[in-house]
Amino acid sequence: MIHALRKLTAAVVFIVAMPMAGFAQQATRIAVNPSRMGPEFQGLGAGAIFYEAHITSLAAGNKTERQELLYDHMFEDVNTRYLQLMIRHDHEPANDNNDPFTPAFEEKHFAYCAHTLAIAKAALKRQPDMEFLATLYTPPPWMKTNGDVSGGGESRATIKDGMDLELAEFAWAFLDHMRNNGVTVNYLAICNEPDWPHEQPGYCLTAERHAELLENVGGYLEKMAAKFPKTPRPKLAGPNTLSAPGAAKDYVPQALRKAGKRLDVIASHDYDPRGSRWTDLAKLARGKPVWMTEWCSRDKDASPGMIDSAMNYGMAMHHAFSSGGVNAWMAYDWVYPPRDSGEALIHIHWGDHFVLTKPYHLFRQWSLKLEPGMRVVDVRASGAGVPGASAKEDEPGVYATGFVSPDGKTLIVHALNSQDKAAPVSLKLGAPFTGTTTAKRNRTSSSEDVIELPELKRNGASFEDTAPAKSLVTYRFTR
């Protein structure tokens, strides 16, 4: 009887052990090395661009409680540090005078800023440390070669010769108006995608012309800060190109040579995912922060809640931070009218109601436990589900990104599974987290929105879990 019981016990042990052995062989292995630290994390952000009036339309329709709820979702529930604002062309329809150092703007032309101010103040109410990046999309038509707000397409409309200080005065007037109404703008980008021949509001600049304009605008802002000290000089971010490889190749080297002391932040969008663009920019920056100032998912998306677009957001953030170059990352726009692509985090039906998309929930989860001052840490994924080195950046797979707190006591790991199937994952932590025995977890998937899961307990030397198809699982380890 005892012999038979031993045989039965051995069989049970074998049966129980079999799935664990299979799990280890089939899992994506994630090795986290918290002692190997990369760039400082400075924060996440998003923009209030083009559709500011949509954002405030609930209050305009006397839906005050719903308006406040929207602001809560934007600025209280999501842990962002930056809000990008749009400088429109409206506030100087004709030259105020011939002296750019003696501004004489009419208050009525700043009417469009009422929406911008309401949004910025709602952000500050919920996040007192919120910082603002104002981006000039286009100077007014009378300053431009095509006499129109459009970028001119292939004709590449640009600023007229001799208008540099007029453009600087135009940008300063927006900063001054915002400050006079209770919002200080911390950063300024003098252009938006100057390397792209587009039809939307904008203007084009070569790398050489951008550097020259940056120098002239920077010098003007310093003089105006001395003359009008209540409106401080913003830090300048640029070149704000569509292409980060193009910024690294031409725009940033030219700007640093001709206007290096003016440029405070190296900034680019990320719609040209080629090469080692972020590490290249970080090398050029020589200690200046590197920001990714715009990205969105532009593909048509009929998936539930736009979960496919959410996966694209997750992969874009992973590649930016894990590259070892990016300090801050900004989603393109908080709000759009309803549409069939993932360009914005929230969809608003004018004056009526809003919808939080899956990209919103993924972005929210990514932000929750990250704080400025954290450091990106070395994370290596291998085994099943990991795309090869030559794979495109949007290749479905398992991607892991890690951050450690300044005091070294908290470790955050985001595990994104963008595949159509569930993925077993096995996380192994290096020093000084090797003794950690539990992990707090949150998850977003096609059927879940930032849900809190039961604590995960370490199994031997690793933490073993399963990431559902198209999901983000965030692990928080505390020493």
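Me: In this predicted model, helix H8 (residues 244-259) and helix H9 (residues 277-285) pack at an angle of about 10 degrees, and their axes are 9 Å apart. Why is H8 called roughly parallel to H9?

Reply: The word follows from the angle, taken between N-to-C directions from 0 to 180 degrees, with axes fitted to C-alpha atoms, for helices over the stretch in contact. Under 35 degrees counts as roughly parallel, over 145 as roughly antiparallel, 65 to 115 as roughly perpendicular, and the rest as oblique. The angle here is about 10 degrees, so H8 is roughly parallel to H9.

Me: Which residues make that contact?

Reply: A contact means heavy atoms within 4.5 Å. On the H8 side are Ala 244, Pro 245, Ala 247, Ala 248, Val 252, Pro 253 and Leu 256, and on the H9 side Arg 277, Trp 278, Asp 280, Leu 281 and Leu 284. By class, they divide into 10 nonpolar, no polar and 2 charged. (Nonpolar is Ala, Val, Leu, Ile, Met, Phe, Trp, Tyr, Cys and Pro; charged is Asp, Glu, Lys and Arg; the others, Gly among them, are polar.)

Me: What is the make-up of the contact of H4 with H5?

Reply: The axes of H4 and helix H5 (residues 113-126) come within 9 Å and cross at roughly 65 degrees. Glu 68, Tyr 71, Asp 72, Phe 75 and Glu 76 of H4 meet Ala 118, Ile 119, Ala 122, Ala 123, Lys 125 and Arg 126 of H5. These residues divide into 6 nonpolar, no polar and 5 charged.

Me: An open sheet of 3 strands has the order E10-E11-E12, with mixed pairing. What makes strands E10 and E12 edge strands?

Reply: Strands are DSSP runs of E with at least two residues, helices are runs of H or I with at least four, and both are numbered from the N terminus. Two strands pair if DSSP finds at least two bridges between them. Strand E10 (333-336) and strand E12 (353-356) each have a single partner strand, so one side of each has no neighbour in the sheet. The twist from one strand to the next averages 25 degrees.

Me: How do you know that E11 and E12 pair?

Reply: Strand E11 (residues 344-349) is joined to E12 by 4 bridges, and the two run antiparallel. The requirement is at least two bridges. In this pair, His 349 stands opposite His 353 in E12. Helix H4 (residues 64-76) packs on the sheet and touches E10, E11 and E12, its direction making about 20 degrees with that of E12. Helix H11 (residues 358-367) also touches E10, E11 and E12, at about 135 degrees to the direction of E11.

Me: Which strands are at the edges of the sheet of 9 strands?

Reply: That open sheet has the order E18-E17-E20-E15-E14-E13-E1-E16-E19, with mixed pairing. Strand E18 (448-457) and strand E19 (463-467) are at the edges, as each pairs on one side only. Strand E13 (residues 375-383) and strand E14 (residues 398-404) pair in the antiparallel sense over 3 bridges, with Val 377 opposite Gly 402 in E14.

Me: How confident is the predictor in the chain?

Reply: The average pLDDT (the predictor's confidence in each residue, from 0 to 100) is 94, and 95% of the residues score at least 70. Over residues 1-22, pLDDT stays under 50, and the model has 2 contacts for them beyond four places in sequence.

Me: What should I know about numbering and thresholds?

Reply: Residues are numbered from 1 along each chain as its sequence is written, and side-chain values use heavy atoms, without hydrogens and water. As the model is predicted, local features need pLDDT of at least 70 and side-chain atom pairs count only at pLDDT 80 or more, while totals for chains, interfaces and linings use all residues.
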